[in-house]
Amino acid sequence: MLPRKRLDVTTTTDWLAPILWEGTFSTQALDKYYQRRNITVGLAVFASGRFADKYLELFLQSANKYFMPGHRVVFYIMTDSHLRRPSMALRPLCTFQMLLMEEETWWSDVDLVRMKVLGEHIVTHILQEADFLFSMAANLVFQDDFGVETLGTSVAQLHGWWYFRNTRNYPYERQSQSAAYIPFGQGDFFYGGSIVGGTPQKILDLIREYLRGVIHDLEKGLNSTFERYLNKFFFLNKPAKLLSPEYGWDSTFNVPPQVHYVKVALHAERR
């Protein structure tokens, strides 16, 4: 890592985790290191209904080009029985698995569904298949290499909008009885829920804590959001690596000078 190459941004957290910005890492050195380890990286995406119809094809096409180039990748596509098997030609070292779900599991809370189902598949086979795992929203488009610089035991994404705002205004959960509660004056960053990564075991730990939080709040008649539970988890369990807003930019916002390259963006139809 080369944090001193970017003096215009924060490149290291208070707990000494790197924040990835363009210019703060050596791709060649990292590629050589991970090539020797012969790693497999999983990429899980949840697509149903309109998300499958509108977003999935472009997501997979862009991921096939830019996600972990030169390394073994497994695309885990979590969907229902109505989605046809993708017909696109995958690059060498890439495969995909269709993780089908019964229709009665399509609950109103999409985040709850995808996390619950992903956790089940991590336990049954992903733990044995992948060294690292990312879970991403289907409405993302890769625009540049998303490579091994992003790998770590736990990886969080800095929210593109909130990163450039006053920390006092972060939209944490403020109901004190909620499992997602973070008091005023506390918290490090606001993390986005579109991308989360790490080892499969760390992702499983996150999912289990999230599901426990949801159950806790339901029993108390409370309701929060996946991003708020996610932020509480990373507040208590600091991520080992943070992705800058370059790795998840919403192009409805003007690009600030700190963002040199947009590596991942929201789908054009969301702009």
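Analyst: Burial is expressed as relative accessible area: under 20% is buried, over 50% is exposed, and values in between are partly exposed, computed with a 1.4 Å probe on protein chains only. The model is predicted, so local features require pLDDT of at least 70 and side-chain atom pairs pLDDT 80 or more, whereas totals for chains, interfaces and linings use all residues. Residues are numbered from 1 along each chain as its sequence is written, and side-chain values use heavy atoms, with hydrogens and water left out.

Glu-227 lies in helix α5 and is partly exposed at 25% relative accessibility. Contact here means heavy atoms within 4.5 Å. Apart from neighbours within four places in sequence, Glu-227 is in contact with His-159, Phe-190, Tyr-191, Gly-192 and Gly-193. The side chain of Glu-227 also reaches the backbone nitrogen of Gly-193 at 2.9 Å.

His-159 is placed in the loop between β7 (154-158) and β8 (191-198). Not counting residues up to four places away in sequence, His-159 touches Phe-190, Tyr-191, Gly-192 and Glu-227. A polar atom of the His-159 side chain lies 3.2 Å from the backbone nitrogen of Trp-161.

Asp-250 is found in the loop between β9 (241-243) and β10 (264-266), and is buried at a relative accessible area of 17%. Its side chain makes a polar contact of 2.8 Å with the side chain of Thr-252. A polar contact is a pair of N or O atoms within 3.5 Å; within protein, one atom must be able to donate a hydrogen and the other to accept it, and residues adjacent in sequence count only if both atoms are side-chain atoms.

The aromatic context comes next. Rings of Phe, Tyr and Trp (its six-membered ring) pair if their centres lie within 6.5 Å; planes under 30 degrees apart are stacked, over 60 edge-to-face and the rest tilted. Across the whole structure, a search finds 25 aromatic pairs. One of them joins Tyr-34 and Phe-132 edge-to-face, at 6.1 Å centre to centre and 85° between the planes. Tyr-34 belongs to helix α1 (residues 27-37) and Phe-132 to strand β5 (residues 132-137), so this pair ties together parts that are 98 residues apart in sequence. Tyr-34 is buried at 9% relative accessibility, and Phe-132 is buried at 7%. Tyr-210 and Phe-226 have ring centres 5.1 Å apart and planes at 80°, so they too are edge-to-face. This pair links distant parts of the chain, with Tyr-210 in helix α4 (residues 200-219) and Phe-226 in helix α5 (residues 226-236), 16 residues apart. Tyr-210 is buried at 4%, and Phe-226 is buried at 5%. One aromatic cluster is formed by Trp-21, Trp-161, Tyr-163, Phe-164, Trp-249 and Phe-253.

Turning to charged side chains, a salt bridge is a side-chain nitrogen of Lys or Arg within 4 Å of a carboxyl oxygen of Asp or Glu. The whole structure contains eight salt bridges. Glu-22 pairs with Lys-263, the closest N and O atoms being 3.0 Å apart. Here Glu-22 sits in the loop between β1 (19-20) and α1, and Lys-263 in the loop between β9 and β10, 241 residues apart. Glu-22 is partly exposed at 23%, whereas Lys-263 is buried at 4%. Within helix α4, Arg-212 and Glu-209 are three residues apart, about one turn of the helix, and their salt bridge has its closest N and O atoms at 2.7 Å. Salt bridges that share partners join Arg-6, Asp-8 and Glu-246 into one network.

Terms used
Helix = DSSP H or I, 4+ residues; strand = E, 2+ residues; numbered from the N terminus.
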